[in-house]
Amino acid sequence: MAQNSSRPSRIDRIDLSILTALFSEARISKVQMSEAVGLSASRCYERMRRLEQAEIIRGYHADIDIARLASCLQFQVQIKLLNYTSARARQFEKTLLKIPEIVSCHGVLGHVDYVMTVVAATVERYQEVIAELRNQSENEFDFVTFPISKAIKSHSHSDLKQIVGRLTREEPSPG
């Protein structure tokens with residue numbers, strides 16, 4: 001795999017502090033960031049730009065509760081493409097990007113190919129979204145639906161430093 005030439009060779013504790021601050025509060029000001037990490041605002045900005053160029057920071061987002069905003073239902077859906085090929089998968093992915101009610105989708109390994117989240121005002125509308133996906137994708141697929149009853153934890157409730165610390169300690173030992 002080709003390595004991104006702009007990727008930092010090493011994430012130091014200051015980079016991790018910047019990422020942690022952004023992970024918990026994407027709207028933090030450069031001044032607040034500089035106070036939190038102990039650098040000038042301009043140095044924080046330079047580091048943030050480097051982390052963006054390395055695609056470690058992919059964007060800045062608000063955590064919006066769509067169900068509360070629009071009083072809708074949410075569904076977690078597992079999709080298994082039948083007669084899977086790379087070309088069919090790419091076509092399926094292009095199609096699902098066009099359907100606004102599909103608010104997230106991840107390609108996964110294992111028995112299914114995708115796990116996606118769909119929002120809809122009613123169960124009937126959810127069924128229409130799945131029918132639209134079937135018709136537009138030209139792919140046959142099986143799916144299993146899990147209506148979401150409540151959110152328990154999202155990434156915004158996680159401690160990035162703790163996660164990174166555990167991941168770096170769990171690196172596999174050589175052969």
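Visitor: Leaving aside its neighbours within four places in sequence, which residues is Val-118 in contact with?

Guide: Contact here means heavy atoms within 4.5 Å. By that rule, and with neighbours within four places in sequence left out, Val-118 is in contact with Leu-73, Gln-74, Phe-75, Val-77, Glu-101, Ile-102, Tyr-126 and Val-129. One caution: this is a predicted model, where local features need pLDDT of at least 70, side-chain atom pairs count only at pLDDT 80 or more, and totals for chains, interfaces and linings use all residues. Also, residues are numbered from 1 along each chain as its sequence is written, and side-chain values use heavy atoms, with hydrogens and water left out.

Visitor: How many residues does the largest nonpolar core have?

Guide: In soluble globular proteins, nonpolar side chains tend to be buried together. A nonpolar core is a set of buried Ala, Val, Leu, Ile, Met, Phe, Trp, Tyr and Cys residues joined through side-chain atoms within 4.5 Å. Buried means under 20% relative accessible area, exposed over 50%, and partly exposed in between (1.4 Å probe, protein chains only). The largest core here has 18 residues, and those with the most contacts inside it are Ile-79, Phe-92, Ile-102, Met-116, Val-118 and Leu-133. Strand 1, helix 5, strand 3 and helix 6 each give two or more residues to this core. Another core, of 13 residues, lies apart from it, with Ile-14, Ile-28, Cys-44 and Leu-160 among its members.

Visitor: You mention strands and helices by number. What is the order of the strands in the open sheet?

Guide: Helices (H or I, at least four residues) and strands (E, at least two) are DSSP runs, numbered from the N terminus. Strands of a sheet pair through backbone hydrogen bonds, either parallel or antiparallel. For pairing, DSSP must find at least two bridges between two strands. Here an open sheet of four strands has the order 2-3-1-4, with antiparallel pairing. Strand 2 and strand 4 are at the edges with a single partner strand each, so one side of each has no neighbour in the sheet.

Visitor: And how many bridges does strand 3 make with strand 1?

Guide: Seven, in the antiparallel sense, with Leu-73 opposite Ala-120 of strand 3. Strand 2 and strand 3 are also antiparallel, over five bridges; Ser-104 has Thr-117 as its bridge partner, and Cys-105 stands opposite Met-116. Strand 2 and strand 3 form a hairpin with six residues between them, and Gly-110 in the turn has a positive phi of about 120 degrees. Six of the seven residues of strand 3 are buried.

Visitor: Now helix 6. Which of its residues are buried?

Guide: Tyr-126, Val-129, Ile-130, Leu-133 and Ser-137. Seen down the axis of helix 6, these fall within an arc of 95 degrees (taken from the directions from the axis to the C-beta atoms), so they line one face of the helix. On the other side, Glu-124 and Asn-135 are exposed. What covers the buried residues includes helix 5 and strands 1, 2, 3 and 4.

Visitor: How far apart are the end C-alpha atoms of helix 6?

Guide: The expected span is 1.5 Å times one less than the number of residues. Helix 6 has 15 residues (123–137) and should span 21 Å; its end C-alpha atoms are 21 Å apart, which agrees. After helix 6 comes Glu-138, with a positive phi near 60 degrees.

Visitor: Is Asp-15 buried or exposed?

Guide: Asp-15, in helix 1 (residues 13–24), counts as buried because its relative accessibility is 0%. Not counting residues up to four places away in sequence, Asp-15 touches Arg-10, Arg-47, Arg-50 and Leu-51.
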